[in-house]
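The sequence and structure are shown below.

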Amino acid sequence: MPALDDPQTRTDLAALRAGALRWLAGGVVAVLLGWLLGAAVVRITADGGARPPFAGSMVVLLVVGGVVVAVIGLGAWLRARRWTAALARESWQHGRLRIAGPALLQVEPAGYDELTDEPLRLQLVSTAVWRTRAVQRLDGAEVRYAEVSPREWLLTADGAGTVYGARRAARR
């Protein structure tokens, strides 16, 4: 059964997409506000008024920051679409999550035997501290995981409310 058939998975992916769209919309709004502020400053100075202090810096900050935030949101939205497509064809596997380091994870598949089996070693993709800590709190929990590509994996757990991306950890 594809993972996308699970109602919880659809809810988790919808939350991920909503977060990405919030970032994208926030970036677009910041760029528009920067543009409007710039137009207002030009109008004020053209009418002979004094240039408001720090207006130029604010315009640059809003426009550049907005573009950066919009690009982050667009990337997150595209990643969520790619993950949704992958989960439409892949099924969840079940296992137990073990934390091996700050962002290093080991997933022990169901029926795992320490003596004969190798755990799946993953590196969490997230750069957000709160997401990393949320995954660390899942240490020892039952998780669902799926392979999106040969290097990329997704994992979630009951009550997580989202899907976490991870890549195969490099061998040392």
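What percentages of helix and strand does the chain have over residues 20–42? The chain there is 100% helix and 0% strand, with end C-alpha atoms 33 Å apart. The model is predicted, so that local features need pLDDT of at least 70 and side-chain atom pairs pLDDT 80 or more, while totals for chains, interfaces and linings use all residues. Residues are numbered from 1 along each chain as its sequence is written, and side-chain values use heavy atoms, leaving out hydrogens and water.

The UniProt annotation "transmembrane region", from an unreviewed entry, covers residues 20–42 and 54–78; such annotations may be inferred rather than shown by experiment. Residues 54–78 are 96% helix and 0% strand, and their end C-alpha atoms lie 36 Å apart. Helices are DSSP runs (H or I, at least four residues), and strands are runs of E (at least two).

Thr9 is placed in helix 1 (residues 7–46). Thr9 counts as buried because its relative accessibility is 1%, where buried means under 20% relative accessible area (1.4 Å probe, protein chains only). Setting aside residues up to four places away in sequence, Thr9 touches Ala3, Leu4, Leu87 and Trp92; contact means heavy atoms within 4.5 Å.

Trp92 also lies under the charged end of an arginine, as listed here.

| Charged end | Ring | Distance to ring centre |
|---|---|---|
| Arg79 | Trp83 | 5.9 Å |
| Arg144 | Trp92 | 5.9 Å |

A charge sits over a ring if NZ of Lys or CZ of Arg is within 6 Å of the ring centre and within 35 degrees of the ring normal.

Methods
Buried < 20%, exposed > 50% of the residue type's maximum accessible area, 1.4 Å probe, protein only.
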